[in-house]
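Thanks for coming. I will take one structure and go through a few of its features in turn. Here it is.

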Amino acid sequence: MGDYTPEELVWSQTMGQWQSHAGLDIAAGAGEAVVACADGTVSDAWRDRLWGNVIVIEHPGGLQSTYAGLNTLELVKMGDAVKAGQVISSVGNTAICEADLPFHLHFALERDGKPVNFAELLAS
Ligand SMILES: [Zn+2]
């Protein structure tokens with residue numbers, strides 16, 4: 001599964017190219033609930049050509065979480081306030097650029113537009 005490598009290039013089997021991976025692929029079963037990692041507001045929800053169904057949530061403090069490859073965009077919409085742990089979608093296989101991976105959630109966290117390393121965040 002993809003590790004968090006925003007600066008390091010990793011080989012993508014699906015895309016047939018080297019690319020950085022500013023996110024974390026969390027192994028999950030098909031249809032498993034995807035929940036908001038913290039309180040916030042849905043700032044974007046769209047179907048991406050590469051990433052499939054994507055939901056972005058803005059959190060206080062300039063944090064932004066992104067959930068990609070989702071099964072559905074029907075549970076929340078732009079402007080919705082969400083609580084930590086609230087179900088926003090379910091795990092799908094809609095991310096074309098990671099279709100060679102088993103079912104998973106592609107999760108990314110940014111602060112002020114820059115990728116955040118989860119390990120560092122948890123340690124601080
Ligand atoms: Zn990924």
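**Salt bridge, zinc site and spaces**

Let me start with a charged pair: the side chains of lysine 83 and aspartate 39 form a salt bridge, 4.0 Å from N to O. The pair joins distant parts of the chain, 44 residues apart, with lysine 83 in the loop between strand E8 (81-82) and E9, and aspartate 39 in the loop between strand E4 (33-35) and strand E5 (40-48). Strands here are DSSP runs of E, at least two residues, and helices are runs of H or I, at least four, numbered from the N terminus. The structure holds 2 salt bridges, a salt bridge being a Lys or Arg side-chain nitrogen within 4 Å of a carboxyl oxygen of Asp or Glu.

A word on where this comes from. This is a predicted model, in which local features need pLDDT of at least 70 and side-chain atom pairs count only at pLDDT 80 or more, while totals for chains, interfaces and linings use all residues. Residues are numbered from 1 along each chain as its sequence is written, and side-chain values use heavy atoms, with hydrogens and water left out.

Next, the metal. Which residues coordinate the zinc ion? They are His21 (NE2), Asp25 (OD), Glu98 (OE), Glu98 (OE) and His106 (ND1), at 1.9 to 2.5 Å. Aspartate 25 in strand E3 (residues 24-27) and glutamate 98 in the loop between strand E9 (87-90) and E10 are 73 residues apart and link distant parts of the chain. Donors are N, O and S atoms within 2.8 Å of the metal (3.2 Å for Na, K and Ca); water is not among the atoms, so sites may look incomplete.

On a 1 Å grid over the protein atoms alone, a cavity is a set of points where a 1.4 Å probe fits but cannot get out; a pocket is an open set with protein on both sides within 12 Å along at least five of seven lines, and lining residues have an atom within 4 Å of a point. Grid points are joined across faces, edges and corners, and a volume is the space filled by probe spheres set on the points.

Last, the second largest pocket holds about 180 Å³ of space. Its lining includes His21 and His106, and E10 contributes the most, with 3 residues.
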